[in-house]
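Here's a quick briefing on the salt bridges in this chain. Have a look at the sequence and the fold before reading on.

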Amino acid sequence: MKVAVTGKGGVGKTTFSAILARLYAEEGNSVLAADVDPDANLGLALGFTEEELDEITPISKMKDFVNDRTGASAGNKFLKLNPKVDDIPEMFAKDRNGVKLLVMGTVDVAGAGCVCPEHVILKRLISHLMLNSDDVVIMDMEAGLEHLGRGTAESMEQFVVVIEPGARSVQTYKNVKRLATQLGINRVRVVANKVRNEEDEEYIKSKIPEEDLLGFIHYNTDVIDADRQGKSPYDFSETAISEVRAIKERLEK
Ligand SMILES: Nc1ncnc2c1ncn2[C@@H]1O[C@H](COP(=O)(O)OP(=O)(O)OP(=O)(O)O)[C@@H](O)[C@H]1O
Ligand SMILES: [Mg+2]
């Protein structure tokens, strides 16, 4: 199972990714959760402490390592386009509650078509995780669609777009679907989060084709409390866990 979780800012990508990762771990799977957001906070949602996370450097910020692997240097602009990456999870991922966290960071690109060393490494690493790794891989992507335009997404087999019951995040789903289809990713499905009532459910059902809708996670104050305390929602809310479990079952179909 390989999933890339995307969607608008603040919709619940990290919350969903963390609960899903921990469910897979609880079943005894080897799980790798990749934080592919420059504003990384998947670690907290998995149960790491802030102090532990402060000690982690995102892969894209390990300049010497990245330069070494890609052959980049001040005098050399020709990069190895297939750098070695298969040992990166083992070297840098940290384990908590049975989930290996890999903080990847993202690439700040000034303009399209940048072939910077960090980009080469991340793109290669993502395709390694998606195509060659034996782990269950869950990627918590950065908000928005920039990653779809940057060429890091081609190797992903499916996207889960997290939305809220509102027109703007439904729009994001449509945009992700369009861009993903252009990249040859045919499975783009939806998790509707922060759903308050039946009206919200009806709204979602009226906007999302049934075959694309994986399920609902209801608005849940335990999830908010977990976040406030910097803890994993998995350790706070049985309801959210059982909702994500149902989503996971549909995801596997
Ligand atoms: N079902 C829910 N009920 C209530 N609050 C929720 C729910 N899911 C997530 N939240 C809250 O919404 C906020 C954003 O959640 P989260 O960080 O998971 O979103 P995100 O999409 O990863 O955000 P970002 O775009 O910043 O990465 C958090 O405060 C979280 O606790
Ligand atoms: Mg997030």
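What follows is a short tour of the charged pairs.

This is a predicted model, where local features need pLDDT of at least 70, side-chain atom pairs count only at pLDDT 80 or more, and totals for chains, interfaces and linings use all residues. Residues are numbered from 1 along each chain as its sequence is written, chains are lettered from A and ligands numbered from 1 in the order written, and side-chain values use heavy atoms, leaving out hydrogens and water. The count comes to 11 salt bridges (a side-chain nitrogen of Lys or Arg within 4 Å of a carboxyl oxygen of Asp or Glu).

**Links between distant parts**

- Glu 52 pairs with Arg 96, their closest N and O atoms sitting 2.8 Å apart.
- That pair spans 44 residues, from helix H3 (residues 50–54) to strand S3 (residues 94–96); helices (H or I, at least four residues) and strands (E, at least two) are DSSP runs, numbered from the N terminus.
- Lys 100 and Asp 135 form a salt bridge too, at 2.8 Å from N to O.
- Lys 100 is in strand S4 (residues 99–103) and Asp 135 in the loop between helix H6 (117–131) and strand S5 (136–141), so this bridge ties together parts 35 residues apart in sequence.
- Asp 135 is buried at 12% relative accessible area (buried is under 20%, exposed over 50%, partly exposed in between, with a 1.4 Å probe and protein chains only).

**Within one helix**

- Lys 248 meets Glu 252 at 3.3 Å, N to O.
- Both lie in helix H11 (residues 238–252), 4 residues apart, or about one turn of the helix.
- Shared partners join Glu 27, Lys 248 and Glu 252 into one salt-bridge network.
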